[in-house]
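Reader: I'm new to this one. Can you walk me through it in short steps?

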Amino acid sequence: MTTLACMFGFAACGPGSSAASHGSDEAVSTKIGSEKVEVTLWDGAGLKSYDDALIKTFEKKYPNVTIKATYDPDNTSAQNGPRIISAADTPDIARITDINSAVRGKHLVNLEAYGKAYKWNIPSSQTQIYRVDKSGKIGSGDLYAVPDGVSLTGLYWNKAVASKLGISQAPSTVAELEQDMKEAKDAGVLPMVMPAKEGGTSYLFQALITDYEGRDTVQNWIIQKDGATFKTSGALKAASMIQKWQKSGYFSSDALALDGSTALSRFCRGGGLFFPSGSWYSASINKALGKDSGFIAYPGEKAGQGSAAANAVTAFGIPQNAKHKNVAAAFLNFLLSDQARQIAVDNGYPPVGEGKTPHSDNQLLGQILVAYEQLVKTGNTTDYINNATAGMQASGIIPGFQSLLDGSMSPEQFVNSIQAQYEKETK
């Protein structure tokens, strides 16, 4: 899944290292002239069709510009990113996979001047992890990348299954969610299709901890803010709730062996009431269930306090060695346009920036767009806890949740194990 590429991956090129600059020193300008120019773009291969649509429309708007795109396999783009943006022949527009090393190594153009020139107005929830302050800390300061679209988690529900259970609407609180799952279990219906094999339990857990601890506590831990810790009462409460639901039989007996695609297939066949996953499955679920498919942000303790994990499909920046910085900035500005926002939706992603919600023939994606629009207003989104460190997903999240669900770890041991992995990589 391309959108989960770790924002804090291992750098292939150490901080401060840089090839001889072949870039331009052109003054910041929103004018790109009329001379023919070819610029280069680099991204993950899974996003080729999305990028192609963006490029085609941008080139139509600027007929003197040609964008030549190259792609890396999705499973290697995070590793290759730091090397690519620091090279002498770096692309003009590039996927930023490690904002930390990119800024520390002075491999990225500071976008503040372009933001002022173009009068960008991007919601802070969409840019926080692409801002770096003068001390090198992520989360505030100057902007170094612009997202093209958004990937977010939420709770899918099967309205036909719900109707048979006498449930007429989606849960608006955690208590209602728990009650709906109990009613399903009592009726012999699987309450929740849980893809626990690859760490999918983290989506539901993250919603609970965000509810119990607050958005800022979770986000500060993800962006490695000084003093942030996973060892909180909210994390313990969330872990206890997940383990309780497992013991209550609200997840399938084979949850530990259930991967995302298998869970998707089961849910699409009517094999459960709820499915905690992400916007990337909307097309498949809508095709299978049609009007019987629903999507909501994860409910909180109180109605109206929904939350979600969300990050960029791709965050594009301008490498310091880029030859055509002003044209590259024009492309970043284009990402915030109504045309680009519609292209994002046409490719199955909620758009960035602000404006009228684009139309979608996918009714399920329409529900996702409405949910995300509300989340932008409340600001109650975080990045993925899986992205807190380079090794968190493989060495912390997956084994930790497996052990929590099979009972070999207590909630307290689980919380301690996640924080131990975090400290191993950050200290």
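Author: Let's start with a term: contact means heavy atoms within 4.5 Å. This is a predicted model, where local features need pLDDT of at least 70, side-chain atom pairs count only at pLDDT 80 or more, and totals for chains, interfaces and linings use all residues. Residues are numbered from 1 along each chain as its sequence is written, and side-chain values use heavy atoms, with hydrogens and water left out.

Reader: OK. Which residues is Y349 in contact with, leaving aside its neighbours within four places in sequence?

Author: L47, Y50, V150, V313, A344 and L369 are in contact with Y349. In space, the C-alpha atoms of Y349 and S151 are 6.3 Å apart, though 198 residues separate the two in sequence.

Reader: Where is the place of Y349?

Author: Y349 is in the loop between helix 14 and helix 15. Helices (H or I, at least four residues) and strands (E, at least two) are DSSP runs, numbered from the N terminus.

Reader: Is Y349 buried or exposed?

Author: Buried, because its relative accessible area is 15%. The cut-offs: buried means under 20% relative accessible area, exposed over 50%, partly exposed in between, with a 1.4 Å probe and protein chains only.

Reader: And N362, where is that found?

Author: N362 sits in the loop between helix 14 (338–346) and helix 15. N362 counts as buried, at 14% relative accessibility. Not counting residues up to four places away in sequence, N362 touches S282, A283 and N286.

Reader: Let's move to helix 12. Which of its residues are buried?

Author: Helix 12 (residues 282–289) has S282, I285, N286 and L289 buried.

Reader: Why do they line one face of the helix?

Author: Seen down the axis of helix 12, the buried residues fall within an arc of 100 degrees, so they line one face. The arc is that of the directions from the helix axis to the C-beta atoms.

Reader: What do these buried residues pack against?

Author: Strand 7 (150–158), helix 11 (260–268), strand 8 (274–278), strand 9 (293–296) and helix 15 (363–378). On the face turned away from the buried side, helix 12 carries the exposed residues A283 and K287. G290 follows helix 12, with a positive phi near 55 degrees.

Reader: New topic. At what angle do the axes of helix 8 and helix 9 cross?

Author: The axes of helix 8 (residues 201–213) and helix 9 (residues 215–222) cross at roughly 120 degrees and come within 6 Å. Axes are lines fitted to C-alpha atoms, for helices over the stretch in contact, and angles run from 0 to 180 degrees between N-to-C directions. That angle makes helix 8 oblique to helix 9. Angles under 35 degrees count as roughly parallel, over 145 as roughly antiparallel, 65 to 115 as roughly perpendicular and the rest as oblique.

Reader: Which residues make the contact?

Author: Helix 8 gives Q206, I209, T210 and E213, and helix 9 gives R215, T217, V218 and I222.

Reader: What covers the buried residues of helix 16?

Author: The cover includes helix 8, helix 9, helix 10 (233–247) and helix 17 (411–426). Among the buried residues of helix 16 are M392, G396 and F401.

Reader: Which loop does K119 lie in?

Author: The one between helix 4 (112–118) and helix 5 (124–127). K119 is not a glycine, yet its phi is positive, about 60 degrees. K119 counts as exposed, at 73% relative accessibility.
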